[in-house]
Amino acid sequence: MSNLVEKLDDEEVQEILKTGTDLRQYSQQIEREFNEVENRSINDYIKESQNIAKLHTQIGACDEILERMESMLTNFQDVLSNISTEITSLQKKSVSMSVQLTNRQSVRAQLSQFIEDMAIPEEMIAAIMETPVVEKDFLVHLNQLNHKLTLVKELSFKESASVNDVREVLENLKIKAMTKIRTYLLEQIYKFRKPMTNYQVPQNAMLKYKFFFEFILSNERQVAQEICGEYVDTMGKIYFSYFKSYSSRLAALQYEEAASKDDLMGIEDTVNKSLFTKTTSLKNKSTVFTIGNRGDVLNQQLEAPILVPHAQQKNKYPYEALFRSEQYALVDNACREYLFVTEFFMVRGSQAQELFNQIMGRTLSLLIKNVETYIQDCFDCIAMFLCIHLILRYQLMCHKRCVPALDKYWDSLQAVIWPRLEVIFRANIQSVRDCDPTKFTREMGPHCITRRYAEFSAAIVGISEHFPNELMSRLLLELQNEVECFILRMAAIFPSRKEQLIYLINNYDLVLGVLMERTRDNSRKPKHSGNSSQREVGSMWRKF
């Protein structure tokens, strides 16, 4: 029904309905037109039959051409696939050949180096056998020989057959080289034994060829121990003999009169024993309570040339000056010796310390014994305190030179001096405590004990400036208290209060004046410094 309605809506159908045309006639007319069109088309096809046949032939030819092209392209694709496979195969072969070439070159280089290392050229044999050890050519070939010997040792552990071809020749060369080196090194060591020898000359010669000892040490330890033992024995005797002689000759330069138990701070002073008046006795005796120029040993004289006894026979020196000269000589020789043995004999740490002790042990024991001998009868606190500070400075000097080998020696010296210094210091304190004021004349001026204390305390404070010590600070405080009590006891013997005050003022003024003069730089600004000596001076100022 819907199709019928659509057909009725068609314009042509509506036109036919409007005109009233007979549909049967119209249908016949249309059929005739279709037949005419069909006949014309057939006639046209008949006219163009030859062209159509030709076109059919051409299309067939094109199909054949396209089939051949398809076949060619397929063949070309197969060829390209084969070429890609061949290229991949060639790449793999190239990589494999490159690896093989690299391996062969590496093996070739190793074999060449191995052959070079194992081969013993005629030049090496001639140099080791005939060239003197001091020539450069010998040293160069000795290095090569040492390398070959090391390689042979390594290969021997691997049981390499090639070692047997060169072992005998290398062994003979090693024996010859070691014989020549041993003879040379022993000759250098024996040069130390000649009188008036400058030890630095043969030592520098040995250091120039220090590889000689390294060669012997790596190949024959017994010979190395022989050379080391010969050096230790020679130098140990030389240093001991030198310092024994030097110490005895220095002792002759010391003041003839030493301080005694009668030279304590509280002992009554007499004209014959005055320590502050210019008498002839001062020429043969050092001052006990005043420092004067004695402190120079810690400053400008610290690294001054050592005293030469035969050139100073007419001069006399306090003990600390002789102690400085002896210890500085030790520092100079010991530091040089320690640095030499560590470099030449290739030792470090405890081994270096042990070897150094074998060389310098007897000498150090001798010097410690000499100090003990002097200290046991010493009553000069300033001399002992100066010696302690010389020890501290020389120990610091050794550390700056990277030589710790003398640390135990410095500690031993301090262990000898400190107990005696404390004993004598306390003896001085006790002498002031036991002093009877009634034995002295009534004079308004400063007392001699006050002057002694002022000079002595200023000396101790000045010496302690760079290396303060708690024990010494405590002893100074005890001495200060005893001197104060003594001044008060002395003031009490005056009948009038005015005389007592005048006496106290005179004594305190002396103490303050000496402290300000001797420690002026340290005491001016005590609040701005943490130095213990400055604090001590400030405390004394406030106390008095």
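**Aromatic rings and confidence in a predicted model**

Reader: What is the mean pLDDT of the chain?
Author: In this predicted model, 84% of the residues reach a pLDDT of 70 or more, pLDDT being the predictor's confidence in each residue, from 0 to 100. Residues are numbered from 1 along each chain as its sequence is written, and side-chain values use heavy atoms, without hydrogens and water. Local features need pLDDT of at least 70 and side-chain atom pairs count only at pLDDT 80 or more, while totals for chains, interfaces and linings use all residues. The mean pLDDT of the chain is 83.

Reader: How many contacts does the stretch of residues 271-283 have beyond near neighbours in sequence?
Author: The pLDDT is below 50 over residues 271-283. With contact meaning heavy atoms within 4.5 Å, the number for this stretch in the model is 23.

Reader: How many aromatic pairs are there?
Author: Rings of Phe, Tyr and Trp (its six-membered ring) pair if their centres lie within 6.5 Å; planes under 30 degrees apart count as stacked, over 60 as edge-to-face and the rest as tilted. By this rule the count of aromatic pairs is 23.

Reader: What is the angle between the planes of Tyr 209 and Phe 212?
Author: Tyr 209 is buried (under 20% relative accessible area; exposed is over 50%, partly exposed in between; 1.4 Å probe, protein chains only), at 9%. Phe 212 is buried at 0%. Their rings form a stacked pair, 5.2 Å centre to centre, with an angle between the planes of 10°.

Reader: Which residue has its charged end over the ring of Phe 240?
Author: A charge sits over a ring if NZ of Lys or CZ of Arg is within 6 Å of the ring centre and within 35 degrees of the ring normal. At 3.9 Å from the centre of the Phe 240 ring, the residue is Arg 362.
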